[in-house]
Amino acid sequence: MHWTLRKAALGAIGTTCLLATTSCAKHSYSDQYYMVATNIKLPYWQAANNGLMKAASQYGVKAELRGTDSFDPQGEVGEFRTAVARKPAGILVSVADPALMQPEIDKAIGAGIPVLTVDSDSPNSHRLFFIGTNNLAAGRLGGQRVVQKLHGKGNVVFFSMPGQPNLDERLRGYQDAFANSSGIRIADVVNIKGESTAAFDNTQSMLAKTGKDRIDAFICLEASGGKDVAEALKRAHATDRELVAMDVDEATLNLVKEGVIDATVGQKPYTMAYFGLKQVVELHENPLKQLGRDFETDSFSPVPSFVDTGVTLVDKNNVDIFLRSRQESAQ
């Protein structure tokens with residue numbers, strides 16, 4: 001991460017940590033908190049759940065990860081409504097579809113339940129603030145790597161889920177990085193609709209393209225696709241193509257170490273959930289006077305609008321550090 005980005009992230013977190021300095025004596029095991037997301041069986045969300053459980057243990061409260069097993073925005077709305085109906089002390093939510101989730105978040109806030117967004121935001125809702133990746137920065141970081149590896153010239157394909165705010169922001173970050181490299185052309189943005197096998201199938205067909213249509217780099221904007229694209233490249237013995245993935249689950253890191261994935265952009269889902277639960281506990285125990293107030297435009301707001309948890313580019317040079325960190329966290 002660039003030093004300026006790291007300073008901004010630390011500054012934002014430092015501001016927010018002010019929330020965590022008040023009255024721990026109010027914690028009660030009867031207080032229930034929820035984190036709501038989609039695709040919760042993915043390693044990414046299992047890492048987040050570990051952070052959630054760690055914070056819940058430290059604070060002596062109850063917490064639960066709820067969500068759908070696939071990318072199902074409407075199903076996520078149903079899970080969020082179920083959580084709200086149980087009148088919890090607070091909710092963290094990763095927003096799959098901002099248009100669907102905004103009214104639900106606003107209703108929860110109206111009912112006096114503090115809601116924070118993590119991983120993927122709903123900026124037009126009354127959520128109190130967003131904790132997660134600066135996704136523009138993540139895209140720019142990955143884009144700079146692609147420009148370097150392709151020497152500023154080649155066709156690239158993205159695997160994404162258009163309409164999901166965090167992924168759309170990453171794509172814009174890549175486009176920013178490509179802006180000064182006119183030789184790089186985005187051949188397609190494939191909607192995998194939450195099914196990583198779609199990335200595998202599309203990669204197989206795209207590897208057959210030749211000449212001016214040849215695909216030189218494959219870019220995954222979400223966690224699950226990288227491993228399937230890597231498998232398609234391995235089966236085709238396509239060692240002359242570049243693959244940039246997303247996130248640092250163990251399988252992805254091993255593929256980076258093997259050299260099939262050139263690099264992956266690492267996020268911190270554990271941190272998002274761990275820090276997020278601590279903040280929503282403090283907001284429950286020390287409630288804001290006007291929960292639904294527009295804090296975005298308030299220069300004296302008691303909460304930030306965005307806490308950047310940071311990103312890192314992982315390649316062969318530093319992948320062992322990340323693998324070792326995963327092993328240590330499991331002990």
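Guide: Contact means heavy atoms within 4.5 Å. In this predicted model, what covers the buried residues of helix α7 includes β6, β7, β8 and α8 (225-235).

Visitor: Which residues of α7 are called buried, and what makes them so?

Guide: In α7 (residues 196-206), they are Ser196, Ala198, Ala199, Phe200, Thr203 and Met206. They are called buried because the term applies under 20% relative accessible area.

Visitor: How do you know how the span of helix α6 stands to the expected one?

Guide: Helix α6 (residues 165-178) has 14 residues, and its first and last C-alpha atoms are 20 Å apart. At 1.5 Å a residue, 20 Å is expected, and the span is close to that value. Among the buried residues of α6 are Pro165, Leu167, Arg170, Tyr174 and Phe178.

Visitor: What makes β7 and β12 edge strands?

Guide: The open sheet of 6 strands has the order β7-β6-β8-β9-β10-β12, with mixed pairing. Both β7 (183-191) and β12 (312-314) pair on one side only, and they are accordingly the edge strands. From one strand to the next, the twist averages 20°.

Visitor: How do you know that β6 and β7 pair, and in which sense?

Guide: Strand β6 (residues 153-160) and β7 share 8 bridges; pairing requires at least two, so the two strands pair. Their sense is parallel, and Ser160 stands opposite Asn191 in β7. Helix α5 (residues 135-150) packs on this sheet, where it touches β6, β7, β8 (217-220), β9 (242-246), β10 (263-266) and β12. The direction of α5 makes about 170° with that of β9.

Visitor: Why do β2 and β11 stand at the edges of their sheet?

Guide: This open sheet of 6 strands has the order β2-β1-β3-β4-β5-β11, with parallel pairing. Strands β2 (62-67) and β11 (306-308) each have a single partner strand, so one side of each is left without a neighbour in the sheet. Here, too, the twist averages 20° from one strand to the next.

Visitor: What makes β5 and β11 a pair?

Guide: Strand β5 (residues 130-132) is joined to β11 by 3 bridges. At least two are needed, so these strands count as paired. They run parallel, with Gly132 opposite Asp308 in β11.

Visitor: How is the packing of α2 with α10 described?

Guide: Two packed helices are described by the angle between their axes and the distance between the axes. Helix α2 (residues 43-59) and helix α10 (residues 269-285) pack at about 35°, and their axes are 7 Å apart. The crossing is right-handed. Residues making the contact include Tyr44, Leu52 and Tyr59 of α2 and Met272, Leu277 and Val281 of α10. By class, this contact has 14 nonpolar, 3 polar and 3 charged residues.

Visitor: Which strands do these two helices lie across?

Guide: Helix α2 lies across β1 (32-37), β2 and β3 (90-93), at about 160° to β2. Helix α10 lies across β1, β2, β3, β4 (115-118), β5 and β11, at about 150° to β3.

Notes. Residues numbered from 1 in each chain as written. Predicted model: local features only at pLDDT ≥ 70, side-chain atom pairs only at ≥ 80, totals over all residues. Heavy atoms only, no water. Helix = DSSP H or I, 4+ residues; strand = E, 2+ residues; numbered from the N terminus. Axes fitted to C-alpha atoms, helices over the stretch in contact; angles between N-to-C directions. Expected span 1.5 Å × (residues − 1). Buried < 20%, exposed > 50% of the residue type's maximum accessible area, 1.4 Å probe, protein only. Left-handed = near helix turned anticlockwise from the far one by under 90°. Nonpolar A, V, L, I, M, F, W, Y, C, P; charged D, E, K, R; others polar.
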